Structures are given as C-alpha cells and as structure tokens.
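Dear colleague,

Please find below the structure for your review.

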Amino acid sequence: VGSDPGGWSETYSFISRDSEANETIAFLFGDMGTYVPYNTYIRTQDESLSTVKWILRDIEAVGDKPAFISHIGDISYARGYAWVWDHFFSQIEPIAANTPYHVCIGNHEYDWPSQPWKPSWSTYGKDGGGECGIPYSVKFRMPGNSVLPTGNGAPDTRNLYYSFDSGVVHFVYMSTETNFVQGSNQHNFLKADLEKVNRSRTPFVVFQGHRPMYTSSNEARDFAMRQQMIQHLEPLLVMYNVTLALWGHVHRYERFCPMKNSQCLNTSSSFIYPGAPVHVVIGMAGQDWQPIWQPRRDHPDVPIFPQPGISMYRGGEFGYTKLVATREKLTLMYVGNHDGQVHDMVEIFSGQTSTEASATEAVNQTKLGSGTSTKLKISPLYLEIGGSVMLALLLGFALGFLLRKKREAAQWTPVKNEES
C-alpha cells in the first residue's frame, strides 16, 4: 500500500485458513497489552514485546502451513487513549500482517457504568476507560454478526461471539461482558453452534472467553460470575463434548484437569478425552499488575492462595500457548518468554484415526447403518495373507504332533546335579 510520492509499504503475504486440512496450528493468549518506548502517564505492558517476539519465531518456523493467533480479551489496555491503540497495532504488525489475528472482548474493552448488561450478581466498574467496546468493534472484523447496544448512543458493539473451523478444530468465542445466561441471545447462539459441530470433520472443540470459569487466584469480585458461568455455560461444554476451555483475565497461566461440576475427571497430562473440557487460564501475555500466588512473609513455603488438587500446573512466567492438533491428538503447550521453551503441556486424544482404512470403514459402517445394501470386497493381498497364516498353522500343528510322538518313544533319564 502507498504511493510513489509518499512511498510504499513492505509487501506482505499470508496463508489463509484451511477448513479441510488435517492439522491445526494456533497461538493463543490473553491480556497482552502494549509496549510504549518512552515514559508515559498511564501503565503500559513492556513484557508484551517479548510475547510478540517469540510468537514471530514460531510463526516463521511454521513456514507455509496455515496458522492463526487468538487474543482472548484485554487487547491493548488503551482505556480510552487512542494513541495506545496506534502503538498496539504497530507492535503486533510483524505477526498480524502475515497471520490472521482473532480477538475476543474483555473487561478493558467494554466495562463501564453505562453498559446495558450489569447483573446484580457481578461487579462492573470503569475498566474500559469509557470505550464501551467501540474501538474494539471498529478496529477488528471477526466472522460473526453479534450486535448489542453500548448504552451511550454510540455504534453497537460487535465481534462478541462467533465460531469457525480451522483444520480439525472448531473454535468458539464468547463474550463474558454481555449476557450469557440461559435464554439470552448469546446462550442460544452457543447452544445452536455446539449442536451442529461436525465431529467427523473437527473432532476437537476449543471454547474461549475472557473472564475464567475456573481459577485459584484472588479474583473474589468475579466469584459470583464464575458461579453463574458454571450454572449456565458448563452444561453446554459438557453436553457437547468441548475439548478445551481457554480463559484470560487472571494474569498468570493455570491448567486445570478436565472439569465437570468442579470435579476432576483425569489428573494426567496425556489422556483420551474423558467427557469434560480441560480449563486453562492463559492471561499471562503481558499485563503484570496482579501479584497473586506469592508466598507470605511469615510462611515463605506456603502461597497466599494454595494450589488446589484440581489445578495441575500454575506458572507466573509471561508467555503464550501454542496449539497443534491432528485428527488423533490435540496438544497445548505453554511457552515462557524468558527462554522461549515449553514449560507445560497437555495432550488430549480424540480416539479417532486418520488412516485411509479407518475412513473407508467409517463409510461402510454408515452405509450399513442406513440400510444401504453394501458388498464388502476383499483385496487379493488380504487373501494371500490369510492363506499364508492358515498354512503356517497347519505346518505348526503337524510338527508339534511328530515331536510329541518322538518324545514319548524315547527313554528319558533324569539328570542329577552334584549338589543333590
């Protein structure tokens, strides 16, 4: 883009998402914020620059494979200062110019006293700096059509909840800042969307929202909201076999076991999907003001908020997560910013296989189940293998019979050792 008098930008290219691919690659995080190369009167997030650096390394390593980025809430922390948004987009340009950049709304994009949805059981304040979701909605264009009033006469808030397929994974995004209880438009959308997922095409489902359903941090003000999420959203996640639920808001990394009604279904880090999603908090991409899980001075060996049994891993390292999925397995890795290495990993197996034979068998089973008359053809190779096996069995039987007869005819003398 540009002009001859004013100059031209660099030339960029990108590889679009392939919904038919048998592999999915994504980089996911929340609460990144913006690095500003000078002192300013508002708080900025210097560590966000390292997050972008390491993600760029991984994107370059992916090469020609399609991938995308998922930033689940608390995007720039502009809080009403437009110039912070400018810095943010300059910061993510190295990765966003080549890789689709998906977002989900957080409290720092929307939260304001005049917002329409303020239930009595949750606390809302001025986290959004008066933005009311407007910059978030006009600076991004996500593949959904959700539209809600802002409460102040400004343009409606968009990009709230949507979904798409990428390879073998169906990704769902929700808004924790707008009504999600049963009967709401968002709840109806989520239910309808999860109902129609084609699990033969996308065996894995990844659900994302900003405020977490599960966390062991000191987020007391969101406790009532978490209870409402467990009541209204968790039944959908369990009923429709959601594989992974990702959340931000808490500025740390924490992986829970597969959860159902606050109960743990599996404590391993590698397992076949047990019937409930693994919950992971991934709000560690840059914002650093939340000093949680730190030891007490009088008890340095005991954290302020002890790690419960349902929490499999907690980390205070800034970073991001990388998702790699095939038809058989989904792997989520937590990459730390100080060394660019994997600090935690979970593997979830679908129970499916991607071999041609399995696909053929599935087609035949479908035809038989629907009442279609189907002739099963056996290839000559299978006949040759079967014949060889039968011949080997017959030869083995005959040889065993002859050896037994010879043994019975012989005069065996027991041998005694010197000790006896």
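**Cavities and a helix pair**

The largest share of the lining of the largest cavity, 3 residues, is contributed by strand E3 (residues 23–29). Please note that the model is a predicted one.

The structure contains 2 cavities of 30 Å³ or more, and the volume of the largest cavity is about 70 Å³. Its lining is made up of 14 residues, of which Arg-17, Asp-18, Pro-66, Ala-67 and Ser-166 lie nearest the centre of the cavity.

The axes of helix H1 (residues 48–62) and helix H2 (residues 82–96) come within 9 Å and cross at roughly 15 degrees. Because angles under 35 degrees count as roughly parallel, H1 is described as roughly parallel to H2. The crossing in which H1 passes H2 is left-handed.

On the H1 side, the contact is made by Ser-48, Leu-49, Val-52, Ile-55, Leu-56 and Ile-59; on the H2 side, Gln-91, Pro-94 and Ile-95 take part. The residues of this contact between H1 and H2 divide into 7 nonpolar and 2 polar, with no charged residue among them.

With kind regards

Terms used:
Residues are numbered from 1 along each chain as its sequence is written. This is a predicted model: local features need pLDDT of at least 70, side-chain atom pairs count only at pLDDT 80 or more; totals for chains, interfaces and linings use all residues. Side-chain values use heavy atoms; hydrogens and water are left out. On a 1 Å grid over the protein atoms alone, a cavity is a set of points where a 1.4 Å probe fits but cannot get out, and a pocket is an open set with protein on both sides within 12 Å along at least five of seven lines; lining residues have an atom within 4 Å of a point. Grid points are joined across faces, edges and corners, and a volume is the space filled by probe spheres set on the points. Helices (H or I, at least four residues) and strands (E, at least two) are DSSP runs, numbered from the N terminus. Axes are lines fitted to C-alpha atoms, for helices over the stretch in contact, and angles run from 0 to 180 degrees between N-to-C directions. Angles under 35 degrees count as roughly parallel, over 145 as roughly antiparallel, 65 to 115 as roughly perpendicular and the rest as oblique. A crossing is left-handed if the near helix is turned anticlockwise from the far one by less than a right angle, and right-handed if clockwise. Contact means heavy atoms within 4.5 Å. Ala, Val, Leu, Ile, Met, Phe, Trp, Tyr, Cys and Pro count as nonpolar, Asp, Glu, Lys and Arg as charged, and the others, Gly among them, as polar.
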